[in-house]
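Q: I have a model open and want to learn how to read it. Can we go through some features one by one?

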Amino acid sequence: MRLLALETTGDICSIAAVQHGKPSAVLTFAHGMQLSTRLIPFIDHVLHTAGWRIGEVDAFAVGLGPGSFTGARVGVMTAKTFAQVHAKPIVGVCSLDVLAAEYTFIPHQVVCAVVPARKGEVYACVYEGGFDVPQPLSERAVYTPQSLHDILLPFIGGDIVLVGSVPVELQQALADYPVCLAPVQYPRAETLGRLATVLLEQGQRDNPLTLVPMYLKPPAITMPKTT
């Protein structure tokens, strides 16, 4: 199976051409507030590097967020358009699951995936290791460092892997516990592609007409002042 994976929910984005669960070509880049204009040329570059044409892609995968509102929307709309135009399957994956999948292959390993939210908050979820598809042990939700610390306390008896952009406040709160800070700080398209391959083999498909980004809280909108 040839799969094109788009992960555009953070400041660092990536595109991967994945065949049978393994990356054939990967491009990682900082979008620099120009994602909408840079994404398609970068997809063309990845496909050219893999030696594929867009019509030869068997399925599409996209990171749904949480993360950047604009980044998630651009990635989801692009993947949905490809899937509809070429009549190919699409699967959307929570970007916290993509982060956790870096380590949830380890049996019995507790993994906490963390994505920055607004100042003083993070998107996070705790997962149980030992599965091809990450299994949540907590709600995918918005936490403060203190509330996430409280969620993690029941799992402190064993080692915990923290993956993602972990705020200093949370690192300090967990300094006395057996916590490992993983080097992976953003969801990667090659991991998304591997995870999506498993989900597609299990029969998961999303409807490109109804697939939407995963926003765990509404965007911060400032209403214009009335005169």
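A: Start with a strand pair. In strand 2, Ser14 is the bridge partner of Glu7. Keep in mind that this is a predicted model.

Q: How many bridges join strand 1 to strand 2, and do they run parallel or antiparallel?

A: Strand 1 and strand 2 run antiparallel, joined by 6 bridges.

Q: Which strand pairs with strand 1 in the parallel sense?

A: Strand 4 does, over 4 bridges. Look at Leu6 to see one of them: its bridge partner in strand 4 is Val62.

Q: Is strand 1 enclosed or open to the outside?

A: Count buried residues, meaning those under 20% relative accessible area. In strand 1 (residues 2–7), 5 of the 6 residues are buried, so the rest of the structure largely encloses this strand.

Q: Now the backbone. Which residues other than glycine have a positive phi?

A: His20 has a phi of about 55°. This residue sits in the loop between strand 2 (12–19) and strand 3 (22–30). His20 counts as exposed, because its relative accessibility is 58% and the cut-off for exposed is over 50%. For His108, phi is near 65°. Its place is the loop between helix 3 (95–100) and strand 6 (110–116). At 72% relative accessibility, His108 is exposed.

Q: Where is there a cis peptide bond?

A: Check omega. The bond between Gly65 and Pro66 is cis, with omega about 10°. Pro66 lies in the loop between strand 4 (59–63) and helix 2 (69–86).

Q: How many aromatic pairs does the structure hold?

A: It holds 3. Read each pair by ring-centre distance and plane angle. Phe29 and Phe42 have ring centres 4.6 Å apart and planes at 65°. An angle over 60 degrees counts as edge-to-face, so this pair is edge-to-face. Phe29 belongs to strand 3 and Phe42 to helix 1 (residues 35–50), so the pair ties together parts 13 residues apart in sequence. Phe29 is buried, at 6% relative accessible area.

Q: What is the geometry of the Phe69 and Tyr215 pair?

A: The ring centres of Phe69 and Tyr215 are 4.7 Å apart, and the planes are at 35°, so the pair is tilted. This pair links distant parts of the chain: Phe69 is in helix 2, Tyr215 is in the segment after helix 6 (189–201), and they are 146 residues apart.

Q: How exposed are Phe69 and Tyr215?

A: Phe69 is partly exposed, at 21% relative accessibility. Tyr215 is partly exposed too, with a relative accessible area of 37%.

How values were computed: Residues are numbered from 1 along each chain as its sequence is written. This is a predicted model: local features need pLDDT of at least 70, side-chain atom pairs count only at pLDDT 80 or more; totals for chains, interfaces and linings use all residues. Side-chain values use heavy atoms; hydrogens and water are left out. Helices (H or I, at least four residues) and strands (E, at least two) are DSSP runs, numbered from the N terminus. Buried means under 20% relative accessible area, exposed over 50%, partly exposed in between (1.4 Å probe, protein chains only). Two strands pair if DSSP finds at least two bridges between them. Rings of Phe, Tyr and Trp (its six-membered ring) pair if their centres lie within 6.5 Å; planes under 30 degrees apart count as stacked, over 60 as edge-to-face and the rest as tilted.
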